[in-house]
Amino acid sequence: QGHFVGSGGGLVQPGGALSLACVSSRSIVGAVMGWYRQAPGKQRELVVRISRCGLADYSDFVKGRFTIDRSNAVRTVTIEMGHMQPEGTAVYYCNADFGPGPSPDVWGMGTQVTDSE
């Protein structure tokens with residue numbers, strides 16, 4: 001099993017932008033990568049996933065505002081979040097999903113993103 005080292009997060013003004021990144025300690029070539037978020041008192045929810053081929057699947061509530069990218073070469077998944085809204089306040093987690101098989105998902109530790117004046 002591997003782990004992620006994350007960067008980014010923090011306070012962002014409404015309508016502002018923020019980028020997050022996670023760097024994996026192991027290869028992510030075989031994984032569908034994703035970003036999830038969990039708001040206070042709510043379930044963790046999928047924000048966006050990107051396939052092994054680099055095809056992104058965005059949740060409706062972030063389409064047109066967020067962009068995911070990945071680099072297998074540097075074992076990194078990023079998310080660029082724009083036009084932030086108060087409901088975007090959450091802990092954001094990166095994820096590597098290796099699919100069916102013996103390799104479990106690898107989760108980042110999470111980073112707080114707060115949308116506020």
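Modeller: A term to begin with: rings of Phe, Tyr and Trp (its six-membered ring) pair if their centres lie within 6.5 Å, and planes under 30 degrees apart count as stacked, over 60 as edge-to-face and the rest as tilted. Y36, Y93 and W107 form one aromatic cluster. Please keep in mind that this is a predicted model, where local features need pLDDT of at least 70 and side-chain atom pairs count only at pLDDT 80 or more, while totals for chains, interfaces and linings use all residues. Residues are numbered from 1 along each chain as its sequence is written, and side-chain values use heavy atoms, with hydrogens and water left out.

Biologist: How many aromatic pairs does that rule give?
Modeller: The count is two aromatic pairs. One of them is edge-to-face, because the ring centres of Y93 and W107 are 6.4 Å apart and their planes are at 85 degrees. Y93 belongs to strand β9 and W107 to strand β10 (residues 106-107), so this pair ties together parts that are 14 residues apart in sequence. Strands here are DSSP runs of E with at least two residues, numbered from the N terminus.

Biologist: Is Y93 buried or exposed?
Modeller: Y93 is buried, with a relative accessible area of 13%. Buried means under 20% relative accessible area, exposed means over 50%, and partly exposed is in between (1.4 Å probe, protein chains only). W107 counts as partly exposed, at 33% relative accessibility.

Biologist: Which charged end sits over the ring of W107?
Modeller: That of R44, 4.6 Å from the ring centre of W107. The charged end of R26 sits over the ring of F98, 4.3 Å from its centre. The rule is that NZ of Lys or CZ of Arg is within 6 Å of the ring centre and within 35 degrees of the ring normal.

Biologist: New topic: how many residues are in the largest nonpolar core?
Modeller: The largest nonpolar core has 27 residues, and W35, M81 and Y92 have the most contacts inside it. Such a core is a set of buried Ala, Val, Leu, Ile, Met, Phe, Trp, Tyr and Cys residues joined through side-chain atoms within 4.5 Å. In soluble globular proteins, nonpolar side chains tend to be buried together.

Biologist: And which strand gives the most to this core?
Modeller: β9 does, with four residues.

Biologist: What does Y92 touch?
Modeller: Leaving out residues up to four places away in sequence, Y92 touches a list that includes L20, Y36, V47, F66 and M81. Contact means heavy atoms within 4.5 Å.

Biologist: What about β4, how many of its residues are buried?
Modeller: Six of the seven residues in β4 are buried. β4 runs antiparallel to β9, and seven bridges join them. Two strands pair if DSSP finds at least two bridges between them. Q38 stands opposite V91 in β9.

Biologist: Which residue in β5 is the bridge partner of W35?
Modeller: V48 is the partner of W35. β4 and β5 pair antiparallel over five bridges. Six residues lie between β4 and β5 in their hairpin, and G41 in the turn has a positive phi of about 75 degrees.

Biologist: One more: what order do the strands of the open sheet have?
Modeller: The four strands follow the order β1-β3-β8-β7, with antiparallel pairing. β1 (4-8) and β7 are the edge strands, each pairing on one side only. Between β3 and β8 there are six bridges, and A21 stands opposite T78 in β8.
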